[in-house]
Amino acid sequence: MEITCHFCFEKINLELFIEEGEKQDFIMDCEVCCHPLHITAEWNEEEEEFEVEVDAG
Ligand SMILES: [Zn+2]
């Protein structure tokens, strides 16, 4: 899936795996501007995909 960086607004590829949990909360650095992004993801059973929120890390 693609997320948008909170700082530079570039699109970054993010892979999430259900095996790692239905709720995930982690920090990753933007590949483009290297700012830390706070990712919160929650599995949506009906849509069968993660709902992801991005904010400043
Ligand atoms: Zn960025």
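This is a predicted model: local features need pLDDT of at least 70, side-chain atom pairs count only at pLDDT 80 or more; totals for chains, interfaces and linings use all residues.

My residue numbers start from 1 along each chain as its sequence is written.

**Entry: Leu 14**

Leu 14 is found in the loop between strand 2 and strand 3. For contacts I used C-beta atoms, placed from the backbone, that lie within 7 Å. Leaving out residues up to four places away in sequence, I found Leu 14 touching Met 1, Ile 3 and Val 52.

**Entry: the whole chain**

I took helices (H or I, at least four residues) and strands (E, at least two) as DSSP runs, numbered from the N terminus. The protein chain has five strands and zero helices, and I read its pattern along the sequence as β-β-β-β-β. The radius of gyration is 11 Å, close to the 10 Å that the globule rule gives for 57 residues, so the chain is as compact as a globular protein of that length. Here the radius is taken over C-alpha atoms, and the rule is 2.2 Å times the number of residues to the power 0.38. Along its principal axes, the C-alpha trace spans about 35 × 15 × 15 Å. I found that 9% of the 57 residues count as buried. Of the contacts between residues at least 6 apart in sequence, 33% join residues at least 24 apart.

**Entry: the sheet**

I counted two strands as paired if DSSP finds at least two bridges between them. Which order do the strands of the open sheet take? The three strands run 3-4-5, with antiparallel pairing. Strand 3 and strand 5 (49–56) stand at the edges with a single partner strand each, so one side of each has no neighbour in the sheet. The twist averages 25° from one strand to the next; for this, axes are lines fitted to C-alpha atoms (for helices over the stretch in contact), and angles run from 0 to 180 degrees between N-to-C directions.

I then went pair by pair. Strand 3 and strand 4 are joined by seven bridges. Met 28 faces Leu 37 in strand 4, and Lys 23 has Glu 42 in strand 4 as its bridge partner. Eight bridges join strand 4 to strand 5, and His 38 has Asp 55 in strand 5 as its bridge partner.

**Entry: positive phi**

I looked at the hairpins next. The one formed by strand 3 and strand 4 has six residues between them, and Cys 34 in the turn has a positive phi of about 65°. Cys 34 is exposed, with 10 other C-beta atoms within 10 Å. In the hairpin of strand 4 and strand 5, with four residues between the strands, Glu 48 takes a positive phi near 55°.

I also noted Phe 9, a residue other than glycine with a positive phi near 65°. Phe 9 lies in the loop between strand 1 (2–4) and strand 2 (11–13), and is exposed, with 10 other C-beta atoms within 10 Å.

Key
A residue is buried if 20 or more other C-beta atoms lie within 10 Å of its own, exposed if 12 or fewer, and partly exposed in between; C-beta atoms are placed from the backbone. Two residues are in contact if their C-beta atoms, placed from the backbone, lie within 7 Å.
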